[in-house]
Amino acid sequence: AGSGKPPRRISVTDETDAAGFYAVKCLTTPLGRSVFFVAAREERGIWRGYDDPRPGALTQSMGPGSDIRHLAAHSRGGALFLWAAAGATQGQAGEGAFRTFVAENQDGADPWSSMRNLWRGGSCFGLTFDSERVYAGSFDAGVLEGDLNAPTFKWQAPDIKSGLPLR
């Protein structure tokens, strides 16, 4: 299945293209619009394009400075959110993750929110969701979880005495 169109290169910027990308996420908004996100290597940020992005038409969604290596989407209450998992320097607690509302157009895009509260897992390698919780695979603290209904979001790490072998 596919559009029948041959693949083509979608350029972000010459400098960003040369660094490469860690993650790509294509989503469909609640009103049926396609939106495309890419996480650039070398902490060069996240870029976004709508519909059929033309080379050079992507705009920066998250500025440079965070090592984003995984993107995940979560739909909640009719709204669509994009989450970005952040890498960490060895021995650091890390940033955990970031989240933004995926708008129907670039003008309605929200800023990214830090989802770092009580994160102590170092690098965040992946994110997944159920109806009420987010789960994050981490380098230093196993699988952390956060309650999406809580008035103040915070991560919870498993008890070190969970019965799993320590390394």
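Is Glu15 buried or exposed, and what is its relative accessible area?

Mentor: The model is predicted, and what follows should be read as such. Glu15 has a relative accessible area of 57%. The cut-off for exposed is over 50%, so Glu15 is exposed.

Glu15 forms a salt bridge with Arg44, and the closest N and O atoms of the two are 2.7 Å apart. This pair links distant parts of the chain: Glu15 lies in helix α1, residues 14-19, while Arg44 lies in the loop between β2 and β3, 29 residues apart. Arg44 has a relative accessible area of 21%, so Arg44 is partly exposed. That value sits above the limit for buried, which is under 20%. The pair also belongs to a network of salt bridges, in which Glu15, Glu42 and Arg44 are linked.

Now the strands on either side of that loop. Strand β2 covers residues 34-40 and strand β3 covers residues 46-50; the two run antiparallel and are joined by five bridges. In general, strands of a sheet pair through backbone hydrogen bonds, either parallel or antiparallel.

Strands β2 and β3 are part of an open sheet of four strands, in the order β1-β2-β3-β4, with antiparallel pairing. The edge strands are β1 (21-28) and β4 (59-62), each of which pairs on one side only. Ignoring direction, neighbouring strands of this sheet are turned by 30° against each other on average.

Back to the charged side chains. The whole structure holds seven salt bridges. Among them is the one between Arg9 and Asp17, with the closest N and O atoms 3.0 Å apart. The two partners can be set side by side: Arg9 counts as exposed at 61% relative accessibility, whereas Asp17 counts as buried at 14%. Another salt bridge joins Asp67 to Arg69, where the closest N and O atoms are 3.1 Å apart. Asp67 counts as buried at 15% relative accessibility, and Arg69 counts as partly exposed at 44%.

Key
Residues numbered from 1 in each chain as written. Predicted model: local features only at pLDDT ≥ 70, side-chain atom pairs only at ≥ 80, totals over all residues. Heavy atoms only, no water. Pairing = 2+ DSSP bridges. Axes fitted to C-alpha atoms, helices over the stretch in contact; angles between N-to-C directions. Salt bridge = Lys/Arg side-chain N within 4 Å of Asp/Glu carboxyl O. Buried < 20%, exposed > 50% of the residue type's maximum accessible area, 1.4 Å probe, protein only.
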